[in-house]
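Subject: Handing over the structure

Hello,

Here is the structure I promised to pass on to you.

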Amino acid sequence: MSDFSNALSVSASGLKAQAQRLQHVSENIANADTPGYRRKTVSFEATHAGTGTAGAVTVSRVHLDQSAPQRIYDPSHPLADETGHYQGSTVDLMIEITDAREAQRSYEANLKMFDQVRQMSAGLMDLLRR
């Protein structure tokens, strides 16, 4: 049964990691028009075998995009400088939508794996009871 619980732990860690990734993607999308906002990305880190769930994953840290923000020309904007420009965000909606779709599919794959392991475990328990 240890292999089943390990597989469930790995799937659950993947679900949690992808949920956190989706949270940051949604924050990026919500702040796409916020002046000076820097896009957030997450890094994943494999959990070491000493924790009992080899193959599990965690979100190690959040990174802020270091690229230069867009310079937007709008002299009527309250943050515009003397040339009429202000700093936009570093968010590209096409990249965010792509990241959201990838995270959603990874989340669904982990959910499917979790369900498969749960069904296999239940089937094995039924066989052992006979």
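Below is what was found in it, starting with how to read the model.

**How to read it**

This is a predicted model, in which local features need pLDDT of at least 70 and side-chain atom pairs count only at pLDDT 80 or more, while totals for chains, interfaces and linings use all residues. Residues are numbered from 1 along each chain as its sequence is written, and side-chain values use heavy atoms, with hydrogens and water left out.

The confidence score, pLDDT, is the predictor's confidence in each residue, from 0 to 100. The protein chain averages 88, and 94% of the residues score at least 70. Strand β2 (residues 57–64) has the lowest confidence, with a mean of 88, while β4 has the highest, at 94. Helices and strands here are DSSP runs, numbered from the N terminus (helices: H or I, at least four residues; strands: E, at least two).

**Salt bridges**

How many salt bridges does a search of the whole structure find? There are seven, a salt bridge being a side-chain nitrogen of Lys or Arg within 4 Å of a carboxyl oxygen of Asp or Glu. Let me walk you through some of them.

Arg21 pairs with Asp99, and their closest N and O atoms are 3.9 Å apart. This pair links distant parts of the chain, since Arg21 lies in helix α1 and Asp99 in helix α2, 78 residues apart. Both Arg21 and Asp99 are buried, where buried means under 20% relative accessible area, exposed means over 50%, and partly exposed is in between (1.4 Å probe, protein chains only). Arg21 counts as buried because its relative accessibility is 13%.

Glu96 and Arg39 also meet through their side chains in a salt bridge, at 2.3 Å from N to O. Here too distant parts of the chain are linked: Glu96 belongs to helix α2 and Arg39 to the loop between α1 and β1 (40–46), 57 residues apart. Glu96 is buried because its relative accessible area is 0%, and Arg39 is buried with a value of 14%.

These residues come together in a network of salt bridges that links Arg21, Arg39, Glu96, Asp99 and Glu102. Arg21 has a further tie to Glu102, a polar contact of 3.4 Å between the two side chains. A polar contact is a pair of N or O atoms within 3.5 Å; within protein, one must be able to donate a hydrogen and the other to accept it, and residues adjacent in sequence count only if both atoms are side-chain atoms. Not counting residues up to four places away in sequence, Arg21 touches Val42, Phe44, Asp99, Glu102 and Ala103, with contact meaning heavy atoms within 4.5 Å.

Another pair is Arg71 and Asp81, whose side chains meet in a salt bridge at 3.9 Å, N to O. Arg71 sits in strand β3 (residues 71–73) and Asp81 in the loop between β3 and β4 (85–87), ten residues apart. Are these two buried or partly exposed? Arg71 is partly exposed because its relative accessible area is 47%, and Asp81 is partly exposed at 31%.

Thr90 is in the loop between β4 and α2. At 11% relative accessibility, Thr90 counts as buried. Its side chain is joined to that of Asp65 by a polar contact of 3.5 Å. Beyond its neighbours within four places in sequence, Thr90 is in contact with residues including Tyr37, Arg38, Arg39 and Pro69.

**On the surface**

Which residues form a nonpolar patch on the surface? They are Ile29, Leu93, Met94 and Ile97, with about 370 Å² of accessible area together. Patches are made of residues with over 30% relative accessible area and no salt bridge, with like charges joined within 9 Å and nonpolar side chains (Val, Leu, Ile, Met, Phe, Trp, Tyr) within 5 Å. The areas come from the Shrake-Rupley method with a 1.4 Å probe, and for residues only the protein chains shown count as cover. Helix α2 (residues 93–129) gives the largest share of the patch, three residues, while Ile29 is found in helix α1 (residues 2–30). Ile29 counts as partly exposed, at 37% relative accessibility.

Best wishes
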